[in-house]
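Hi,

Here is the structure I promised to pass on. Please have a look at it first, and then read on for what turned up in it.

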Amino acid sequence: MTATATQTDGTRTAPGVPINVVLRASDAFLEHATGAYLQSHARVNIVPQQGLPDADVSVMLLHSLTDEWLQVLRQDAARAGSVPVPVVVMADRVSERQLTMAVEYGLTSFLYRSSSSLEQLLDTTIEASSGHSRIPDELVGHLIAELGHQQRLQTVAQSSRRGGLATREIEVLRMLAEGMSTLEISERMSYSERTIKGIVHDTVKQLNCRNRTQAVACAVRAGIL
């Protein structure tokens, strides 16, 4: 699996200076073993999750980048404030929608667990602290394609500013972004599931999107969610 490395703005550390890394994993054993390996390198200092706002890199080792982990990324981004913490994810699976949303929440590098070693994870983590990004080629293609939606994003933002999206429509989009089903949303908002499906349909049409997934992605990128 090849990967594309790019230089981005926002360098947080100088060469040779130890970097503070927050590490999380899908299971405790994986987190412990990987943490021990990274910590053995002079450039890496593993810090508790509470230290995230001041960390240099956030590393996640996952079986799959699920919507639950996306919610963690979203919360992390809010905690980090105006100075984003670069995120490195090593996972077995990721969908295009999840990748797009993860990038919105700070993901700079992605590695497939099946084809990446701990040494590569270490190198990628150190690179991330210096402003580099490393994404597999086929995923880069998807992200480039997403850049072609700028006109649609402007339409979404303008629609919101004009009051085109009602409060409940934005709230439904927000819960869809968090991975909730229409049934769960209907129970949360005390509406029938049929009503929620109607709101979703009307919102997708109003935002000139093809489906609910694209509507959520566009709303996130436009800053509505």
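**What turned up**

The accessible surface of the chain comes to about 11200 Å², and 51% of that belongs to carbon and sulfur atoms. Please keep in mind that this is a predicted model. The chain has 225 residues, of which 45% count as buried. Its secondary structure comes to 10 helices and 7 strands. Among contacts with a separation of 6 or more, 75% are between residues 24 or more positions apart.

Let me start with the strands. β4 (57-64) is largely enclosed by the rest of the structure, because 7 of its 8 residues are buried. β4 has parallel neighbours to point out. With β2 (19-25), β4 runs parallel and is joined by 5 bridges; within this pairing, Leu 23 stands opposite Val 59 of β4. With β5 (residues 87-93), β4 pairs in the parallel sense over 6 bridges, and here Ser 58 has Val 87 of β5 as its bridge partner.

Is Asp 76 buried or exposed? With a relative accessibility of 9%, Asp 76 counts as buried, because the cut-off for that is under 20%. What does its side chain meet there? The side chains of Asp 76 and Arg 24 are joined by a polar contact of 2.5 Å. Leaving aside residues up to four places away in sequence, Asp 76 touches Arg 24, Leu 52, Ser 58 and Met 60.

Next comes helix α1 (residues 28-39). At its N-terminal end, α1 is capped by Asp 27, with a side-chain oxygen 3.3 Å from the backbone nitrogen of Phe 29.

Which residues of α1 are buried? They are Leu 30, Thr 34, Gly 35 and Leu 38. These residues cover an arc of only 120° around the axis, so they are on the same side of α1. The face turned away from that buried side carries the exposed residues Ala 28, Phe 29 and His 32. As for what the buried side meets, the buried residues of α1 pack against β2, β4, β3 (44-47) and α4 (118-129).

That brings us to α4 itself. α4 has 12 residues and reaches 17 Å from its first C-alpha to its last, close to the 16 Å expected at 1.5 Å a residue. Its buried residues are Leu 121, Leu 122, Thr 124, Thr 125, Ile 126, Ala 128 and Ser 129. Just after α4 sits Gly 131, which takes a positive phi of about 95°.

There is another positive phi to look at, and this one is not at a glycine: Ser 190 has a value of about 60°. Where is Ser 190 found? Ser 190 is in the loop between α8 (182-189) and α9 (193-206). Ser 190 counts as exposed because its relative accessible area is 66%, and the cut-off for exposed is over 50%.

If you open the model, you could begin with β4 and its partners β2 and β5, then turn to α1 and the elements its buried residues pack against.

Best wishes

Key:
Residues numbered from 1 in each chain as written. Predicted model: local features only at pLDDT ≥ 70, side-chain atom pairs only at ≥ 80, totals over all residues. Heavy atoms only, no water. Helix = DSSP H or I, 4+ residues; strand = E, 2+ residues; numbered from the N terminus. Buried < 20%, exposed > 50% of the residue type's maximum accessible area, 1.4 Å probe, protein only. Contact = heavy atoms within 4.5 Å. Areas by Shrake-Rupley, 256 points an atom, 1.4 Å probe, with all protein chains shown as cover. Arc of directions from axis to C-beta. Polar contact = N/O pair within 3.5 Å; in protein donor to acceptor, adjacent residues only side chain to side chain. Pairing = 2+ DSSP bridges. Expected span 1.5 Å × (residues − 1).
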